[in-house]
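Subject: A structure for you to look at

Hi there,

Here is the structure I promised to pass on to you.

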Amino acid sequence: MEQRTLGSQGLVVSALGLGCMGMSDFYGPGDDQESTSTIHRALDMGVTLLDTADAYGPFTNEQLIGRSIAGRRDEVVLATKFGNVRNPDGSFAGVNGRPEFVRQAIDGSLQRLGVDHVDLYYQHRVDTTLPVEETWGVLGELVDAGKVRYLGISEAAPATIRRAHATHPVSAVQMEYSLFTRDPEDGVLETVRELGVGFVAYSPLGRGFLSGAVTSRDQLSEGDVRRRHPRFSEENFEKNLALAEQVRAAAARKGVTAGQLALAWVLAQGHDIVPIPGSRRRVHLEENVAALGIRLSEEDLASLDEAAPKGAASGARYPEQQMAAIDV
């Protein structure tokens, strides 16, 4: 398994991680037994970076990961997040980065995961009601206390990343990045590279569009959050499906799957970038890992830029309320 370094503090992870959110939440009913088997298969294949958050479930995804890695903790680079707060019924309760909340959040995550430390702890969303330095001051204390090894921040603007990094070194910035979503190219990638910070790309398969997993809105269950995402709306769905078809045609010409080509594109954007595609089944995990063997030529990359140019996707990434919670 190829390894990549995130940041300048010594964090080394597999070149491809595993996003675990969908195992417990947002994309319809899960299957804990198959999810556990998928996690075990990922570890067997050398995938070390497992990504979760207290908001997923809420809380149940951390519990699932904790059960699944019992006895195999040393094989895992365990990443979780705090600050995107949800009520027990699943409704969102806002963003919280206050020091007292951060201390409570890490203790809760450690208990649910059944571990004594988290390898990578992310601020899930930036709390704009207080200076980011207040949050990162207490995060530095968690590192000193041994509860956390490395720190990250998700969906943060370049200026916020700089301020957080000046308070305590940031090892990874996590943002949505794919052929469908190239927002990080507008300043974030330049910033993290200047600072020596790694980049973790979530939703590198466009939430199922780019892999071909979703070809009709009818496939999405009533409990699937994508039904409320603008890119999956009746107004935008067919436009985005046509864009995904362009990627699928390019993949067919290269003799790989559309999802593998989409992942290979993200991997080719720099050795400081680690995509974390979500997989709930072993077969999808194995397909994704095979993308590591694909090498894209300059001609391939130019062809993909033409097939899925920057800004081509129709609709916002999230519903309006969630977009408002993203630091810009």
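Predicted model: local features only at pLDDT ≥ 70, side-chain atom pairs only at ≥ 80, totals over all residues.

Residues are numbered from 1 along each chain as its sequence is written, and side-chain values use heavy atoms, with hydrogens and water left out.

**The core**

In soluble globular proteins, nonpolar side chains tend to be buried together. A nonpolar core here is a set of buried Ala, Val, Leu, Ile, Met, Phe, Trp, Tyr and Cys residues joined through side-chain atoms within 4.5 Å. Buried stands for under 20% relative accessible area, exposed for over 50%, and partly exposed for what is in between, with a 1.4 Å probe and protein chains only. The largest nonpolar core has 83 residues, and the members that touch the most others are Leu18, Tyr121, Ile153, Val173 and Phe199. Helix 8 (residues 258-267) contributes the most to this core, with eight residues. Helices (H or I, at least four residues) and strands (E, at least two) are DSSP runs, numbered from the N terminus. Apart from this core lies another one of 16 residues, including Leu6, Leu120, Tyr150 and Val200.

Which residues does Leu18 touch, not counting those up to four places away in sequence? Among them are Met23, Ile39, Val47, Leu50, Ile276 and Leu285. Contact means heavy atoms within 4.5 Å.

**Cavity and pockets**

These spaces come from a 1 Å grid over the protein atoms alone: a cavity is a set of points where a 1.4 Å probe fits but cannot get out, a pocket is an open set with protein on both sides within 12 Å along at least five of seven lines, and lining residues have an atom within 4 Å of a point. Grid points are joined across faces, edges and corners, and a volume is the space filled by probe spheres set on the points.

How many cavities of 30 Å³ or more does a search of the whole structure find? It finds one, and the largest cavity has a volume of about 50 Å³. Its lining consists of Glu176, Phe180, Gly206, Arg207, Phe209, His229, Arg231, Phe232 and Arg317. By class, that lining has three nonpolar, two polar and four charged residues. For these classes, Ala, Val, Leu, Ile, Met, Phe, Trp, Tyr, Cys and Pro count as nonpolar, Asp, Glu, Lys and Arg as charged, and the others, Gly among them, as polar.

The largest pocket has a volume of about 1000 Å³. Its lining has 41 residues, and Met21, Tyr27, Arg207, Arg226 and Gly278 lie nearest its centre. Helix 9 (residues 282-289) gives the most to this lining, with three residues. The lining divides into 17 nonpolar, 15 polar and nine charged residues.

The second largest pocket holds about 250 Å³ of space. Strand 7 gives the most to its lining, with four residues. Seven residues of that lining are nonpolar, four polar and one charged.

**Strand 10**

Strand 10 (residues 172-176) is largely enclosed by the rest of the structure, because five of its five residues are buried. In a regular strand the side chains alternate between the two faces of the sheet. Here Ala172, Gln174 and Glu176 point one way, and Val173 and Met175 the other way. Two strands pair if DSSP finds at least two bridges between them; strand 9 (residues 148-154) and strand 10 pair in the parallel sense over three bridges. Gln174 in strand 10 is the bridge partner of Ser154.

**Residues in loops**

- Phe26, in the loop between strand 3 (18-19) and helix 1, has a positive phi of about 75° although it is not a glycine. Phe26 counts as buried because its relative accessible area is 17%.
- Glu155, in the loop between strand 9 and helix 5 (158-167), is not a glycine either, yet has a positive phi of about 55°. With a relative accessible area of 0%, Glu155 is buried.
- Gly57 and Pro58 are joined by a cis peptide bond, with omega about -5°. Pro58 lies in the loop between strand 4 and helix 2 (60-69).

Happy exploring!
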